[in-house]
Amino acid sequence: MTCNRRTVLAAALVAAFTLNTSAFAAKPLVIGFSQVGAESEWRTANTVSIKDAAKKEGITLKFADAQQKQENQVKAIRSFIAQRVDVIAFSPVVESGWDTVLREAKAAKIPVILTDRAVNVSDPSLYVTFIGSDFVEEGRRAARWLVERAKKTPDTVLNIVELQGTVGSAPALDRKKGFEEIIAGNPKLKVIRSQTGDFTRAKGKEVMEAFLKAEGKKINVLYAHNDDMAIGAIQAIEEAGLKPGKDIIVISIDGVKGAFEAMIAGKLNVTVECSPLLGPQLMQIARDVVANKPVPKRFTTQEGVFPAEVAAKEFPNRKY
Ligand code: GZL
């Protein structure tokens, strides 16, 4: 065989091998993710964490924003099933109403991972695992801070107004439950008004305006289920000619940058951390699930409590 023919044959063999291996190269994992919406600073940071982690991991992410509507999440999950994604992950806007669509995912043999919020389903096998915070403990931490704060005014009953999160959502239900558990039986702490602000600044401001109109200077404390509602309420308190953080103690949850800025300005007294940075953990767990590795049913994120006194020092360390 001439030298030239040998060279052509060798090139052909290399090309064939390369084509072959590329044909068998592992195709990227495909995750279908249904997000609640874009209602708060927390949610925005959560979305960034998930998208960045997928990109860093070379994972194909099909992302759907439900605009806080459960029917949009159900539609998105059905679309992911039709597209035969490898894994479905979602943050359920509310706890109930998921059995039917999750049974469809199970029938299609597509594993489901819950992030951020939990679901109430009759069959726990409808999802593989849940990665998120302990919202009941977050509510307890908010109340424990207030119990300590109330010891400074032992002869005063503190009237509390509460801005709840989205009706029916796990964080709203559990943060209320944890807070009530700790203040139960304490004669110095009394919730006089409680209403949803749907986790948004606008609604938080609107409901706080109504609280102030109804109760005025009787209000001593605001407990908001997230920083965005607290920040909206702070605007309402100022527009009513009162000093947030002083005339009205302001307690909230999430630990977003906006809360640290409000604490540094003396308008917010404490924020209980709820980390949105779930992206890297979700990607790793998705890979483990697809590889049939055993994963725990629950991953609980570790978090802290940040009173105003530490806000300036901690602010440079904040990642969301
Ligand atoms: C909590 C998350 C909540 C945040 C809000 O994990 O579900 O939803 O506390 C967000 O800011 O809107």
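Colleague: Which residues is methionine 283 in contact with, leaving aside its neighbours within four places in sequence?

Modeller: This is a predicted model, in which local features need pLDDT of at least 70, side-chain atom pairs count only at pLDDT 80 or more, and totals for chains, interfaces and linings use all residues. Residues are numbered from 1 along each chain as its sequence is written, and side-chain values use heavy atoms, with hydrogens and water left out. Contact means heavy atoms within 4.5 Å. On that basis methionine 283 is in contact with Ile31, Ile50, Ala53, Ala54, Glu57 and Ile59.

Colleague: Is methionine 283 buried or exposed?

Modeller: Methionine 283 is found in helix α10, residues 279-290; helices (H or I, at least four residues) and strands (E, at least two) are DSSP runs, numbered from the N terminus. Buried means under 20% relative accessible area, exposed over 50%, and partly exposed in between, with a 1.4 Å probe and protein chains only. At 1% relative accessibility, methionine 283 is therefore buried.

Colleague: Which elements do the buried residues of α10 pack against?

Modeller: The buried residues of α10 are Gly279, Leu282, Met283, Ile285, Ala286, Asp288 and Val289. An α-helix has 3.6 residues a turn, so residues three or four places apart point the same way. The buried residues of α10 pack against β1 (30-35), α2 (41-57), β3 (87-90), β4 (112-115), β5 (129-132) and β11 (298-300).

Colleague: Where is glutamine 70, and what does glutamine 70 touch, not counting residues up to four places away in sequence?

Modeller: Glutamine 70 is found in helix α3. Its relative accessible area is 23%, so glutamine 70 is partly exposed. Not counting residues up to four places away in sequence, glutamine 70 touches Val93, Val94, Ser96, Gly97 and Trp98.

Colleague: Are α3 and α4 roughly parallel or roughly antiparallel to each other?

Modeller: Axes are lines fitted to C-alpha atoms, for helices over the stretch in contact, and angles run from 0 to 180 degrees between N-to-C directions. Angles under 35 degrees count as roughly parallel, over 145 as roughly antiparallel, 65 to 115 as roughly perpendicular and the rest as oblique. Helix α3 (residues 70-82) and helix α4 (residues 99-107) pack at about 10°, with axes 10 Å apart. The two helices, α3 and α4, are therefore roughly parallel.
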